[in-house]
Amino acid sequence: MRRSRDPGTFQSTLDHRAWSVSDARAAFSEWLTGIDVAGEFCDEMAVVFSELAANASAATPPAGGAPTVRAWVEDGDVVLEVVNPVGGTHWQGDRGDVSDPLRPRGRGLMIARAYTDVLDVEAADGRIVVRCRRRIEG
């Protein structure tokens with residue numbers, strides 16, 4: 001039996017507790033099972049989710065609000081969107097020596113880019129929006 005390629009929209013709100021990202025990743029992985037895709041696709045998108053959600057959680061000031069994550073299927077792609085309020089100019093774009101793959105921080109966007117077809121970052125109106133797309137194969 002084939003599953004629907006449209007499991008509806010996934011939505012989660014993160015908070016500043018350490019397990020928030022882990023719990024949301026588990027829920028996202030469960031949502032992905034509603035799409036007829038290979039396990040490798042699900043595993044790789046769960047890594048993308050973790051990296052982007054952890055970045056959003058870390059970059060959001062405690063009094064700034066809560067990051068949100070949404071995902072949906074659109075035109076044969078899984079679209080993942082992470083929005084976090086930053087309150088001013090917290091986000092400075094890619095930081096650190098990007099030529100050093102072993103640097104202690106700042107690899108999240110690089111990892112997300114490696115597993116997705118398109119990744120866009122917008123900073124405006126006191127928030128950062130990261131949206132990525134990956135084609136569903138098969």
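## Strands side by side

A71 stands opposite L80 in strand β3. This is a predicted model, where local features need pLDDT of at least 70, side-chain atom pairs count only at pLDDT 80 or more, and totals for chains, interfaces and linings use all residues. Residues are numbered from 1 along each chain as its sequence is written, and side-chain values use heavy atoms, with hydrogens and water left out.

Let's look at the strands. β2 and β3 pair in the antiparallel sense, over 7 bridges; two strands pair if DSSP finds at least two bridges between them. Strands themselves are DSSP runs (E, at least two residues), and helices are runs of H or I with at least four, numbered from the N terminus. β2 and β3 make a hairpin with 2 residues between them, and D75 in the turn has a positive phi of about 50 degrees. Strand β1 (residues 10-13) also pairs with strand β2 (residues 68-74), antiparallel over 4 bridges. Here T13 stands opposite T68 in β2.

## Salt bridges

Side chains of opposite charge can pair when their charged atoms come close. How many salt bridges does a search of the whole structure find? It finds 6, where a salt bridge is a side-chain nitrogen of Lys or Arg within 4 Å of a carboxyl oxygen of Asp or Glu.

Take R134 and E44: their closest N and O atoms are 2.8 Å apart. That pair links distant parts of the chain, with R134 in strand β5 (residues 127-135) and E44 in helix α2 (residues 39-59), 90 residues apart. Both R134 and E44 are buried (buried means under 20% relative accessible area, exposed over 50%, partly exposed in between, with a 1.4 Å probe and protein chains only).

E81 and R131 form another salt bridge, at 2.4 Å from N to O. E81 sits in strand β3 and R131 in strand β5, so the pair ties together parts that are 50 residues apart in sequence. E81 counts as buried because its relative accessibility is 10%, while R131 is partly exposed at 31%. Salt bridges that share partners also join E74, D77, R133 and R135 into one network.

## Out in the open

Now for a loop. Where is D117 placed? D117 is in the loop between α3 (108-115) and β4 (118-124). Is D117 buried or exposed? D117 counts as exposed because its relative accessibility is 55%.
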